Amino acid sequence: MALGLPSVLPGSQPSIGELIRAGQPTFSFEFFPPKTPAGEQLLWQAIRELEPLRPSFVSITYGAGGTTRDTTVDLTERIATETTLLPMAHLTAVDHSVAELRNVIGRLAGAGVRNVLAVRGDPPGDPTGEWVAHPQGVHYAEDLVRLVRESGDFSVGVAAFPYKHPRSPDIATDTRYFIRKCRAGADFAITQMVFDADDYLRLRDRVAAAGCDTPILPGVMPVTKLATIERSEQLSGAPFPPALAAQFAQVADDADAVRRLGIDQANQLCQRLIDEGVPGLHFITMNRSTATREVWLNVAAGTRA
Ligand code: FAD
């Protein structure tokens with residue numbers, strides 16, 4: 001046991017890294033910690049509705065501004081103890097000293113949580129502002145990966161950016177640093193949301209060409225309303241594919257048609273990704289179940305039969 005933290009008991013929860021490498025594509029759902037009682041109700045409704053689909057794992061994001069940090073740990077623990085789902089906690093380095101990070105990692109280990117997505121996070125307040133590490137904290141996800149790995153028997157994932165991270169000067173630099181965090185001990189990676197399979201495939205190819213075989217799961221989010229497109233651009237810093245945006249613009253006045261097109265596009269994207277041999281699909285649910293379930297039934301059920 002490293003650093004005096006409660007090490008995760010071997011066998012207590014499956015390792016997501018091992019699940020991903022087992023052969024069959026994994027299917028996973030991402031949730032965020034709600035901030036209101038109504039949001040909490042919505043989340044648990046989504047969890048209960050998605051649970052029967054038996055996803056490989058679910059993940060819970062970590063609030064950037066410090067508002068949802070405790071709830072991320074609490075929610076991950078609750079999912080671990082009250083559902084049949086395998087939870088993974090996201091963890092960021094924002095505003096945390098190494099001692100505080102160790103404390104959070106220790107709480108996760110104490111709850112039997114074995115899987116962590118180690119991401120650096122963005123500056124609180126203005127996510128596009130200058131990144132300043134905590135004076136006693138870590139600078140990059142790479143350092144966080146090492147910290148989690150040396151803290152116990154964790155399986156660690158990292159973030160990947162098909163269009164490069166908005167702060168990276170170019171694709172080559174972005175790829176180099178991505179590979180460094182894989183080599184620091186990441187078992188797998190998950191991308192920001194992708195809407196075009198080729199964007200994901202280019203990332204996969206350049207990482208493989210650089211000699212890195214860390215499995216990369218594409219992040220997928222069905223567009224159910226036009227606001228989702230705008231939100232995706234804000235969240236990812238990447239432009240929504242123009243050809244796809246033009247299709248949505250044609251049905252912009254018809255909310256049902258937008259939703260149908262979004263589901264249809266997500267079905268096609270997921271099918272293409274599966275045909276291309278992705279190691280899994282990671283669905284960003286926005287704490288709602290219906291669209292994810294529809295796409296799942298169209299694509300995922302067939303691959304598990
Ligand atoms: P890093 O890998 O540290 O990279 C950040 C930048 O620094 C990149 O430009 C990189 O190229 C560069 N870099 C890396 N290492 C070095 C180095 N040694 N020297 C110089 N430059 C370097 N945010 C949250 O707040 N909470 C979440 O729960 C969350 N979940 C996410 C899940 C996924 C799947 C993804 C894709 C993102 C998530 N994010 C989350 C967003 C993420 O925190 C931000 O995108 C953040 O800006 C980058 O995180 P990172 O882990 O990729 O950072």
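Colleague: What does the backbone of Arg120 do at the ligand?

Modeller: A backbone N or O atom of Arg120 sits 2.9 Å from an oxygen atom of the ligand. I call that a polar contact, a pair of N or O atoms within 3.5 Å. Bear in mind this is a predicted model, where local features need pLDDT of at least 70, side-chain atom pairs count only at pLDDT 80 or more, and totals for chains, interfaces and linings use all residues. Residues are numbered from 1 along each chain as its sequence is written, and side-chain values use heavy atoms, with hydrogens and water left out.

Colleague: And how far is Lys181 from a ligand oxygen?

Modeller: A polar side-chain atom of Lys181 is 2.8 Å from an oxygen atom of the ligand.

Colleague: How much of the ligand gets buried?

Modeller: The protein buries 85% of the 980 Å² that the ligand exposes when taken alone (Shrake-Rupley areas, 1.4 Å probe).

Colleague: Which residues come nearest?

Modeller: Tyr62, Asp122, His165, Ser168 and Lys181, out of 24 residues around the ligand (a heavy atom within 4 Å).

Colleague: Switching to the fold: in what order do the barrel strands go?

Modeller: The 8 strands close up as S1-S2-S3-S4-S5-S6-S7-S8, with parallel pairing. Strands here are DSSP E runs of at least two residues, and helices are H or I runs of at least four; two strands pair if DSSP finds at least two bridges between them.

Colleague: How many bridges join S2 and S3?

Modeller: S2 (residues 57-60) and S3 (residues 87-91) share 3 bridges. Val58 has Pro87 in S3 as its bridge partner.

Technical notes: Polar contact = N/O pair within 3.5 Å; in protein donor to acceptor, adjacent residues only side chain to side chain.
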